[in-house]
Amino acid sequence: MNKFFRGLLVMGAAAVVTVGSSLVQVKAAPMAPTTITVHYDTQNLGIAKGNNKKIYVASTTVTTRNVRQPDKTMKPVTTVKAAAPVVYDAQATTTVELSSFAVTKDNYISIWGDKNPEPILVKIPAVKTKIKAVVSAADNSVTIQDTTNPKAPVNLTDSLEYCTMNGKWTDMTNGATFDSFSKLGATLRIRIKATAQKALAAADKVVVGTDAEGNAVEAYAAPGTFAGNELKAKIAKTAAGPKATIDYNLRTIKMPVTAEYRLTGASANALAAYTSVEGDTLANGKKAATATLQVDNLLKSVTAGDFDIRTKATDKKAASQITEYHLYAVLPITTVASNGKAPVTSGNITDVSEAVVGSPVNASGYANPQVQCTKVTLNSRTMKGTVTLQNNTTDKYQIVVVPAASGATTPAANAKVKATLNLTKEGAARPSVVNVAVASGDFIYIRKMGDAKLTSWSSPYVFLGRVMNTFPATN
């Protein structure tokens, strides 16, 4: 049988065998297509034996070329030529290995048996090769497109699968996002997924050409596809997060306008949503590349919490990594009188020396003042002089003087610091003191300075007292 079918030509429904210079026409029942199952995932096919004791399989070429006709016209003619067949001892299901086939082109196989000597032609369609992977940096999605028409690529509808460079193949949906890979970055391998198995059916018969006599050349096209060539899609590593500049003394946070932030309280069960920022307004009216947030406004609803910033996502780039900060509460200081009077919050007091800053030791009295006024000197002619303040703590303080001539009674948001009361070192023999230049009618305010090393905010300004012209020239 092997020798007899060497040089097989398959045309239409008959097998034409070339033996020397003579042609022998073989008319016999072909194998039923339903006895053949193509396994694309394992790259083989199975042939049910039926009554056959031997199965013959021959790689076959199908060629179409233009042939000049007697009337001098050109006509496409398809020829089918089989190579020497491979003989298998028929099993219940005979397995034929297809892994040597180049899957990027159509492959043809002629199959027959000793009891079914008429060959059946099976077409193994090529996988799609004109495809590309498009990675969106905005959302880390990957779309596989058919670029048969490069000017109008279309999204593939085939089943797809992906894996990392050394990972396991996993099904994917075209256009799927891969945010989990973006944190550290990854290169994905993506391909058209192989069809598990498909049995041939009578309906799978297709016309692959026309022979010299005008007869249709038919084959059974196995539905499905081999796994396609691998594409590589690089998921970029998420960019580093931006930085904020925190001024613990001014109680401000400066950040780029390309960033967004969220503040989540310690007791919250879920993270807050991100909020965008607007640039600071410059002197020329234009917007700056940075935005300044006032901590007092941020901490109105959240006493303290985690402050996250990241660069906002754009149409072309995903959001950056998160830069984390922790915002502590702004702690107040209390103005109290050294003689045990209640805290001063507004209005005039007759003597600045009565006002100190400290914490209550009991419900009715105040002791151990943090800062106290030790001396007031006012010139009776110019009504100008100094107020001497003493620091009894290891904290720093800032003093702001609101001139009576300004018409204001409280400091402006950007008030200029008049003096700094430096900290008193532990164990020091003398406390730190500062002389503050004042004029009659001035309002004096004080606050505890912020400390970047301790990540503690400056306190709000509190009213220390007003310089009155009833003071004596010396005190």
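In what order do the 4 strands of the open sheet with S16 and S21 stand? The order is S16-S15-S17-S21, and the pairing is antiparallel. The model is a predicted one, in which local features need pLDDT of at least 70 and side-chain atom pairs count only at pLDDT 80 or more, while totals for chains, interfaces and linings use all residues. Residues are numbered from 1 along each chain as its sequence is written, and side-chain values use heavy atoms, with hydrogens and water left out.

- Strands here are DSSP runs of E with at least two residues, numbered from the N terminus, and two strands pair if DSSP finds at least two bridges between them.
- Strand S16 (170-172) and strand S21 (231-235) are the edge strands, each pairing on one side only.
- On average, neighbouring strands of this sheet are turned by 40° against each other, direction ignored; the axes are lines fitted to C-alpha atoms, and angles run from 0 to 180 degrees between N-to-C directions.
- Strand S15 (residues 160-164) runs antiparallel to strand S17 (residues 186-192), and 5 bridges join them.
- Opposite Leu-160 stands Ile-192 in S17.

**The sheet of 3 strands**

- Another open sheet has 3 strands in the order S12-S13-S14, again with antiparallel pairing.
- Its edges are strand S12 (131-136) and strand S14 (154-155), each of which pairs on one side only.
- Strand S13 (residues 141-146) pairs with S14 over 2 bridges in the antiparallel sense, and Asp-146 stands opposite Val-154 in S14.

- In strand S11 (residues 120-124), 5 of 5 residues are buried, where buried means under 20% relative accessible area, exposed over 50% and partly exposed in between (1.4 Å probe, protein chains only).
- Ile-120, Val-122 and Ile-124 point one way from S11, whereas Leu-121 and Lys-123 point the other way; all are buried.
- Strand S10 (residues 107-113) pairs with S11 in the antiparallel sense over 5 bridges, and a hairpin of 6 residues joins S10 to S11.
- Ile-111 stands opposite Ile-120 in S11.
- With strand S20 (residues 216-221), S11 pairs in the parallel sense over 2 bridges; the bridge partner of Lys-123 in S20 is Ala-221.

**Nonpolar cores**

- A nonpolar core is a set of buried Ala, Val, Leu, Ile, Met, Phe, Trp, Tyr and Cys residues joined through side-chain atoms within 4.5 Å.
- The largest such core has 24 residues, of which Leu-45, Ile-47, Ile-109, Ile-111 and Ile-124 touch the most other members.
- At least two residues of this core come from each of strand S4 (36-39), strand S5 (44-48), strand S6 (54-68), S10 and S11.
- S11 gives the most to this core, with 3 residues.
- Beyond its neighbours within four places in sequence, Ile-111 is in contact (heavy atoms within 4.5 Å) with residues including Met-31, Leu-45, Ile-47, Val-57 and Val-122.

**Thr-393**

- Thr-393 lies in the loop between strand S32 (384-391) and strand S33 (397-402).
- Thr-393 is buried, with a relative accessible area of 15%.
- The Thr-393 side chain reaches the backbone nitrogen of Asp-395 at 3.0 Å.
- Leaving aside neighbours within four places in sequence, Thr-393 is in contact with Gln-370, Leu-423 and Thr-424.

How values were computed:
A polar contact is a pair of N or O atoms within 3.5 Å; within protein, one must be able to donate a hydrogen and the other to accept it, and residues adjacent in sequence count only if both atoms are side-chain atoms.
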